[in-house]
Amino acid sequence: MSRVKLENLKKHYGNVKAVDGIDLQVENGSFVVLLGPSGCGKTTTLRCIAGLEIPTEGKIYFDERDVTGLSPSERNVGMVFQFYALYPHMSVLENITFPLRACRVPPRKIEEKVKEVVQIFQLKNLLKYKASILPPGDQQRVALARAVVREPNVLLLDEPLSALDEKFREEMRSELGKLQKRIGITTVYVTHDQREAMALGDVIVVMRDGLILQTGSPQELYEHPNSVFVGNFLGTPGMNFVECVYEENSLVLKGTDYRLKLHRPDLIDVLKDYQSREFIMGIRPEYVHIDGEAVNGGLLLEVIAIEPAGRYRLVDFLVGEKIFRVRTDWGLSLVAGQKVWARVREDKVCIFDRDNGMAIVS
Amino acid sequence: MLELRNISKVFGDIVAVDGLNLEVQDGEFFVILGPTGAGKTTTLRIVMGLEKPDAGEVYYDGQEITHVAPPLRNFAFMFESHNLYPVLNVYDNLAFPLRSPLFRVPEDEVRRRVESVAKELHITHLLKRKVSHLSGGEQQRVALGRALVRKPRIYILDEPISSLDYKLREELQTEFKRIHEEYGITILSATHDNISAMAMASRIGIMEHGRIIQVGSPREVYIDPANVSVARIIGAPSMNFLECNLGDDKLVIKDSHDFFFRVKLETVRLLEEKLRGGDRILVGIWPENVLVSGSTGEAWMKAVVENVEYHGAEKFVNLNLGGWPIKALLTDDFVPKHGSEVFVSLPEESLYFFYVDSGMRIYAN
């Protein structure tokens, strides 16, 4: 197992800057997720780590060793892609032992290794079946087993769950998280699904346009996004954003006559400089409380729609012309058209610059 | 009202739809939720008239339409792959169904309707663009718009959003719901995505092996799942299940070296009454009802933390409870470390009891 370090990594294809200078350190044994929309450069970064792409510029280190010029096989990485690329005509056992046989590992040693992964991935009953006849979840376990059987320095996963049904994805996601913690292998995982990223990552790296926008633990990114983009991208649903101006210690919500009186010194201090300039307030749906009766400092809003989600529901309101979502339990009975009082938790308010979308206070 | 009565459809050896009954009320957003292969798409195709059922009838407003040709039913269909015309621009794609010789809508009426729908869906700025130059989300909106211009009797959507990025899905899910409410239209949709189904539907029909196994509002099926399959399909995350043996005043988790939790005597009696020789009990509990603590209490069980999944407002903890994997949902600040020991309690009022063999509820709570 290794620590992985990227130094000023760039990969350009002609004029397209797929990856445009990123620095990243993946600690030994940790699970790092590269997260971003299509085209953000996450897969290219992963392919550079694997050795499938030669970087235009920059260095890649496994521990202290510079591997930038090495071929994939010299790097000893394990990879799993969206489509598992098992050998369909081979049995599960043959699939798993293939990388070992290819490296001419002695049979005794192979037997030992197989025993180990079969136990970890619970494959005992599947070994004799052809890979092609297995259901997708089993195929995925086999693909993972094959990827780790060689004891790679790093495990690289590119959207390994995205071909699965919703329900199954959720189950496999948990399985994968448990397995990684059990074997403790350094893992880099690429996805556009923020729920997967939050659930699995020790560290999430949010990428956009070939650059890293923010790096941190799921909780750091969720509670303290450095930009409107991250605040919106993380969370189901994302953060609410409302354009505001600052007047007399209050946030005045644009398109309404609502005023939120501020008490937090850090907010007031920063917003002094934003007098009569518009900025954006961000608040997560669960940090707004709704009440049937008037509350001090509450906003009177009309329920537009209710989206049940099992144990909780999302209630949609309109603030100005934008949808404003609140996550709430089933205590209060609510119907569309009803007016209720919403109270924003001031300690959870984030403030962003309207022009560049970056956080001022988060 | 749309009604399917006892519909069956077989393809070779495969029974796609197996005696299915379904009613969709006017103005309802009805979602058929089920795994791949449950028969959802076949059902929708039968409603559209694109497949003939081997048995059973389709009714609309009391009139049998089983053999009526698709265009004459005036249902609008939106596929997963949305079948837009890539060479035409957005305007012409939207206008296409109205220009069909079947409807003979005058061109100024076409313009009026296209422009109003485009405005509604926020795609006015795209009207002159070729469809092939649009992003996935934009194409999805155009496909939706094309279904909306026609004012059909029912909108039928097959996996309308499941091929999209998650963020976009969330947006469109809200948009579908808003459009449904504003236009007061009737929608019949099918998906394997339980989260969007729960969010959008007025009523859900859960489908498995060619049959609808439960119908109800999202809240109803969540509170009162009829069987194990429903509980597995609807939750995010799924319900936890533990096979248990009945003791005098407790349930003992099977193969767990005597892990047990207490239940009231009346619960024990009720279970004893219902169980016949050989019946086995599967106890179900939603993850948000599993209590987890760093310290023990009366009849709490020891569990090992496998890992913690962070989900913003809440955390899911994967636990090993006497050899059984269970998931707990935490909303407070207690975040146990992987590998650590915690204590678990399963409150009796949150338990569901199922038969292991049939998967059916032993009794309704």
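This is a predicted model: local features need pLDDT of at least 70, side-chain atom pairs count only at pLDDT 80 or more; totals for chains, interfaces and linings use all residues.
Student: How far does helix H6 of chain A reach from its first C-alpha to its last?

Tutor: Helix H6 of chain A has 18 residues, for which 26 Å is expected at 1.5 Å a residue. Among its buried residues are Glu166(A), Met172(A) and Leu179(A).

Student: How many Å separate the centres of domain 1 and domain 2 of chain A?

Tutor: The domain assignment gives 4-233 for domain 1 and 240-361 for domain 2. Between the two, 10 residues of domain 1 are in contact with 11 residues of domain 2, and the area buried is about 900 Å². Taken over C-alpha atoms, the centres of the two domains of chain A are separated by 38 Å.

Student: Which residue forms a salt bridge with Glu223(A)?

Tutor: Glu223(A), together with Tyr222(A) and Val228(A), is one of the residues of domain 1 that lose the most area to domain 2. The count between the two domains is 1 salt bridge. A salt bridge needs a side-chain nitrogen of Lys or Arg within 4 Å of a carboxyl oxygen of Asp or Glu. The closest N and O atoms are 3.4 Å apart here, and the partner of Glu223(A) is Lys348(A).

Methods: Residues are numbered from 1 along each chain as its sequence is written. Chains are lettered from A and ligands numbered from 1 in the order in which they are written. Side-chain values use heavy atoms; hydrogens and water are left out. Helices (H or I, at least four residues) and strands (E, at least two) are DSSP runs, numbered from the N terminus. The expected span of a helix is 1.5 Å times one less than its number of residues. Buried means under 20% relative accessible area, exposed over 50%, partly exposed in between (1.4 Å probe, protein chains only). Domain bounds come from an automatic or database domain assignment. Contact means heavy atoms within 4.5 Å. Buried area is the accessible area (1.4 Å probe) that two parts lose on being put together, summed over both.
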